[in-house]
Amino acid sequence: MAYSDAITQKLNMSTNEERTYRLFDLIIIPIVVVVLGAAFHLHYMLTAGDWDFWVDWKDRLYWPLISSVSFVIFAGAVQGLLWRTIRMPIGMTVAAIGLIAMEWISRYVNFYEWAYFPLSQVWPATWIAAAIFVDAILLISGSFLMTALFGAFFLPTIFVLSNYPMLAPFRIPTEVMGTEVTVADWVGYTFQRGGSPEYLRIIESAGMRVLGAETWFISCLFGGFLSIFIYMMWWGISGIAVRPYSRANPFAAYMGGEEPRDDEKIYVDEYPLPLPNRDANK
Amino acid sequence: MMKSIKNTNQSSAVRIENQSRYAWLLMIAITLMTFLPVETVSAHGERMHSPALRMRSIQFYDVTWQGAGDMKVGDQVTMEGKIYFPAKEYWPNTMKAPDVGYLQTSGPAAVFAKVESYISETPMVQSGGLKLGSTYSFKIIMQARIPGKWHMHPTVQITGSGPIVGPGEWTNVTGSMSDASVSGVAGRDKDVVIDDLATYSLDVIFGWHAVWFALGIIWLLWWVKRPTLLPRYRAVQEELDKNLLITSADKRMGVLMLVVTVVLVAGGAINADSTHNTVLPLQTGNVPLEPLVIEDTNLVVKAIKSTYNVPKRSMSMEISVTNNGDSPVKVGEFATAGIRFIVNPASLGGAAAQALQESVTGYPGEYVREVLAIEDGNTSAILPGESRNVTLVAADAVWEIQNLSEIVLSPVRRAGGLIFFFDEEGNRLRQYVDASTDVAYN
């Protein structure tokens, strides 16, 4: 493979060394995807949970807004982390695939098998299209700022549009006991949750603040606007996370450990770590 | 100067050599404990609500279950009855007024499908406004979906307060889950036939998820097909030529993925929009609900005090009754929290006895207790124009079983409930009472 050859040859790696690194990839990458997916799933369910759990919560106003803000926190951080450490524009896609895979496992095992909610009620929305879009923008532009402006901004729009083919069949009208509702409302009515009254659903209502019928557009616009800043913030936070440093544990002696000697401590100002090949390659 | 990295965060509380040699036995024991048999839990917390709230808020009465008991998947059970909301002066101040309420059932998850539900004959697809001091009828039709033994209660949800659970009945559902289906039609022209709401449109959902998973995995494989983590980390650290890390082929692939993604997203959305010609937002809003018209009983009933006797497991309630009607009346029932304490029907005699007997027919036996007595033994009728103080006593283990005895520990020691009087013609006259509760320990 040309790419690997180029990098590993430039690094003066032996075949044996490269094979070892490849084995390391094969072991670590699946673990990373699963662990990231599980952690992201926990985060996403705690923040955008009900909007993603139930088909009759996927509304025009809050669903794109809350989902995109929640998604970009974690996915933006993973993207920043992978870009900084290994220069790969795949962070959002890794996070999205992990998240959606975990969601499907949870929906099938927990919601369907355990609590008997039908999958038509609890299918998860997909984030993979939006994630590929932003990753591709990062790759093409090579710029964090451009990605924020032209990638993160369109996250809610791509999210809504990529899920629309799945959602639209649930938005057609039907009549339940003489009242016209959507099929999604009917699903929520039929398969009761512990607290399923419509007033508990935090969804768009015909309030004075809803102007016209442009709710999708306004919600995606505002969601994109928020996503830009949240993306930038979490990209920045991921930068702190990738800096390996250690400090002396003041409680080490109390916990059976030993106080580190001064020359064993690694401090933040020593990043990047000294590596033997750096000077040779410069 | 080169420095070696050493983990100084030794967090182990005990040095390895100081750990017990038998620690592994403890770990195995803890692991095995997770396999211990556990008692199956069939309830859903209906007895754990505060007894003061259960006795003093919504009063469910005349509840019937048609079709409950042994059922097959697809069979329907119809719950009907009445709900009384005590007047504002009696309504617990810890609960909000039921300005927005919703009718549903409490049970273990979606084992039944709700087919229809009404309050006072108004369809309850959405929430409705309810009034304190009013009585409503309700009806819920549920269809069995999942085989098993399920307990099902009518429930009224109140915004800002939560669910108030009515009395429950057991169902024993047999058959196969695959036999369950809820069908109907949808669409502007009702041309979309839904064979089963539980599997509706799943092919579209699975299809699109598969497409995006495939595209995402292609994107990841493009990158991780080459040595990934350590070589690239070193390359970044050592500031290698950036064209080695991101090649022109990578950029071409990025453009391709971007184009494919945008085309698929836009094409899918446009196609969905043209396929479904009428698309609505999710429906919200509430409906007006009219209470039932309840005739004046011509009785003035006031609760004076109540006492819960712990060792005797009995609640006594002293009430004053003034009969302003033109028929003698007798006390036949005290109902609270879905429990019906009735007198011996024979003590009412004639049509009243028959009316009492009929009123409890079909009600779950565990909630009907024929233990209601009058303390001084004076069971004579209260005559027109007469005022009398009556102390009702209901002694039964059900107070403990239903956790209502927890009133002794409640921050609100008050009991409420419905008292049903019967006249000689068998007419049933309902009155709500509410009194503070003392506790006796002997």
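Student: How many helices and strands does chain A have?
Tutor: Chain A has 11 helices and 2 strands. Keep in mind that this is a predicted model.

Student: And what pattern does chain A follow along the sequence?
Tutor: Reading along the sequence, you get α-α-α-α-α-α-α-α-β-β-α-α-α.

Student: Which residues of chain A does UniProt list as "transmembrane region"?
Tutor: The unreviewed UniProt entry lists 21–42, 62–83, 90–109, 121–140, 147–167 and 216–237 of chain A.

Student: What do residues 21–42 of chain A look like in the model, helix or strand?
Tutor: That span is 100% helix and 0% strand, with its end C-alpha atoms 31 Å apart. Residues 216–237 of chain A are also 100% helix and 0% strand, and there the end C-alpha atoms lie 30 Å apart.

Student: How much of chain A counts as buried?
Tutor: 50% of its 282 residues. As for contacts in chain A with a separation of 6 or more, 67% of them come from residues 24 or more positions apart.

Student: Why does A:Met177 count as partly exposed?
Tutor: Because A:Met177 has 14 C-beta neighbours inside 10 Å, and a residue needs 20 or more to be buried and 12 or fewer to be exposed.

Student: What about B:Glu121, which loop is that in?
Tutor: B:Glu121 sits between β5 (112–119) and β6 (122–123) of chain B. Its phi is positive too, about 70°. B:Glu121 counts as exposed, because it has 11 other C-beta atoms within 10 Å and the cut-off for exposed is 12 or fewer.

Student: New topic: how many residues of chain A are in contact with chain B?
Tutor: 97 residues of chain A, and they touch 96 residues of chain B. The chain A side divides into 60 nonpolar, 22 polar and 15 charged residues.

Student: How is chain B divided into domains?
Tutor: Domain 1 is 51–187, domain 2 is 202–275 and domain 3 is 299–440. The C-alpha centres of domain 1 and domain 3 of chain B are 25 Å apart.

Student: How many residues of domain 1 of chain B are in contact with domain 3?
Tutor: 17 residues of domain 1 meet 22 residues of domain 3. On the domain 1 side, the elements giving two or more residues are α2 (51–56) and β1 (59–66) of chain B. The largest share, 6 residues, comes from β1(B).

Student: What's the makeup of that domain 1 side?
Tutor: It divides into 10 nonpolar, 3 polar and 4 charged residues.

Methods:
Residues numbered from 1 in each chain as written. Chains lettered and ligands numbered in written order. Predicted model: local features only at pLDDT ≥ 70, side-chain atom pairs only at ≥ 80, totals over all residues. Contact = placed C-beta atoms within 7 Å. Nonpolar A, V, L, I, M, F, W, Y, C, P; charged D, E, K, R; others polar. Domains from an automatic or database assignment. Helix = DSSP H or I, 4+ residues; strand = E, 2+ residues; numbered from the N terminus. UniProt positions renumbered as here; feature names shortened; annotations may be inferred.
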